[in-house]
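Here is a short briefing on one protein model. Keep the sequence and the 3D view open as you read.

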Amino acid sequence: MPSRIRMPTPMSAEPSADLPAAGAAADGGSAGFDLRHHGDAEVRGADSALTDLAVNVRAGTPPDWLKAHIAASLDGLAAYPDGRVAREAVAARHGLPVGRVLLTAGAAEAFVLLARAIPARRPVVVHPQFTEPEAALRDAGHPVERVVLDERDGFRLAAAAVPEDADLVVIGNPTNPTSVLHPADAVAGLARPGRTLVVDEAFMDAVPGESESLAARTDVPGLVVLRSLTKTWGLAGLRIGYVLAEPDTITALERVQPLWPVSSPALAAAEACCTPSALAEAARAADRTAADRAHLADRLAELAESAEVRVCGPAAGPFLLIRVEGAAAIRTRLRELGFAVRRGDTFPGLGPEWLRLAVRDRATTDRFIIALTKAIADAAA
C-alpha cells in the first residue's frame, strides 16, 4: 500500500545514493529530492546534436499556422493585454462559464497562486508526480505531507492513503513522471466538503479522447483542474496555461495574481489552440503519440530480454518511466552517444535507478534503443 509521510521542513538537496525505493518511507523535509530540477536542465547549454528525450514538449512544434498567428499579435504589443477573448475561447472549449476560467503564465504559475490563495492547514501531494506543486506550497510556508504511491501497485491511486482531514490534495493525471492515467471517478472520489482537490491535467490533451479528464465537471466540490498549452503545442517559452474551478476559487486566485500576467502573444495562442481545427489537430497528435509510445514500449521490452530494464505501465502520457540498474552512469553515457534523458531521482517516491523518456517518432526511438543498448553494456563493463 502507499506510504504516508509527514514532511514539515523545507529543504533542497541533490539526491543521495541511499534514497528509499518507490513506495518506501522517506525522511523529513524534501531531503534527497531536488524539487526544482526539471527536464530542461538535461539539455540546457547542450550541443544542438543532442537528441532531447528529457523534455516532454512535442517535437516539431509549434506548427507554422500557430507561429503565424502569434506573430500577427505583435502589432498590438503597444496595448496592455486583454484576456477576455482568450478566456471565452477556453471556456467554450470545455463547455464552462467564463467565470470558471483563469488564464495563467503556464500551469506552473497556477501552483504558486494556489499556494498563496488557499489557506490549507493540511496539504497533501500525491507522489511520484511533478514536483513544482510541493515546491510552491513549501515556498508559501505550508507544511507538506506526501502520499507516495507504490511501484508494486503500478503507482496507481489508492484513495484510502489520503488523510480524511487533508484540506488540499494535489494529484497529476496523467501523472508525470509515471505516465499513469487514473480513472476519473477515482480522482473525483478524493473530493470532500471543505477540501480543495487540485488535478494537474497538463498532459491530458496528449491522451486520445482526453479520457478520464475532469475539466468539464462542475459537480465535484472543490475541484481545481490545471491545463497547459505548452506541451502539445510547443509553447514552453511563451508560458500559457489555465485554471478551471468554481468562481469563488477563480476570484481568490485572481486576487494574488500579478497584473497582466499573460502576454498578448500568449493570449493569442490560447485563443488559437481552442478552435475546432486546432482541437482536431491535437487529437490527431495524441493518436500519433499513443502509437509512438507503444513502439517505444515494444522496443524496450525487446531490450528487457537481455538487460534489467523495467517499463512502468500501462502508460498514457507522452513519456515512459523506466527502471534500470546503473541509471546514472547510463544517463551520462547516453549523453556521450547523443541522447538526453530525464533523471528520475528528483521525484519523491523514485530513486537513482529511474529514468523518464519522452516519446518521439519511431526512427528516433530506433536510434535511441541502439544507444541505450550500448550505454547499458558500457555501464556494466
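Two strands pair if DSSP finds at least two bridges between them. Helices (H or I, at least four residues) and strands (E, at least two) are DSSP runs, numbered from the N terminus. This is a predicted model: local features need pLDDT of at least 70, side-chain atom pairs count only at pLDDT 80 or more, and totals for chains, interfaces and linings use all residues. Residues are numbered from 1 along each chain as its sequence is written, and side-chain values use heavy atoms, with hydrogens and water left out.

**The sheet**

- In β12, T51 has F339 as its bridge partner.
- That bridge partner belongs to β12 (residues 339-343), which pairs with β2 in the parallel sense over three bridges.
- An open sheet holds five strands in the order β2-β12-β13-β11-β10, and the pairing is mixed.
- β2 (51-53) and β10 (309-311) each have a single partner strand, so one side of each has no neighbour in the sheet.
- From one strand to the next, the twist averages 35°.

**Helices on the sheet**

- Helix α9 (residues 276-304) packs on the sheet and touches β10, β11 (319-324) and β13 (354-358). Its direction makes about 10° with that of β11. Axes are lines fitted to C-alpha atoms, for helices over the stretch in contact, and angles run from 0 to 180 degrees between N-to-C directions.
- Helix α11 (residues 362-380) lies across β2, β10, β11, β12 and β13. It runs at about 75° to β12.

**α10 against α11**

- Helix α10 (residues 327-336) packs with α11 at an angle of about 130°, with the axes 9 Å apart.
- That makes α10 oblique to α11. Angles under 35 degrees count as roughly parallel, over 145 as roughly antiparallel, 65 to 115 as roughly perpendicular and the rest as oblique.
- A329, I330, R333 and L334 of α10 make the contact (heavy atoms within 4.5 Å) with residues of α11, including F368, A371 and L372.
- By class, this contact of α10 with α11 has nine nonpolar, no polar and three charged residues. Ala, Val, Leu, Ile, Met, Phe, Trp, Tyr, Cys and Pro count as nonpolar, Asp, Glu, Lys and Arg as charged, and the others, Gly among them, as polar.

**α2 and its surroundings**

- Helix α2 (residues 84-94) packs with helix α8 (residues 264-272) at an angle of about 30°, and their axes are 8 Å apart.
- α2 and α8 are therefore roughly parallel to each other.
- V85, A86 and A89 of α2 meet L267, A270 and E271 of α8.
- The residues of this contact of α2 with α8 are five nonpolar, no polar and one charged.
- The buried residues of α2 are A86, R87, A89, V90, A91 and H94. Buried means under 20% relative accessible area, exposed over 50%, partly exposed in between (1.4 Å probe, protein chains only).
- Their cover includes β3 (101-104), β8 (223-228), β9 (241-245), α7 (247-256) and α8.
- Just after α2, G95 takes a positive phi of about 65°.

- A107 is in helix α3 (residues 107-117). It counts as buried because its relative accessibility is 9%.
- Beyond its neighbours within four places in sequence, A107 touches L226, R227, S228, R239 and G241.
- A107 and V243 are 136 residues apart in sequence, but 7.7 Å apart in space, C-alpha to C-alpha.
- T178 sits in the loop between β6 (168-172) and α5 (184-188). At 1% relative accessibility, T178 counts as buried.
- Leaving aside neighbours within four places in sequence, T178 is in contact with P128, F155, C312, F319 and L321.
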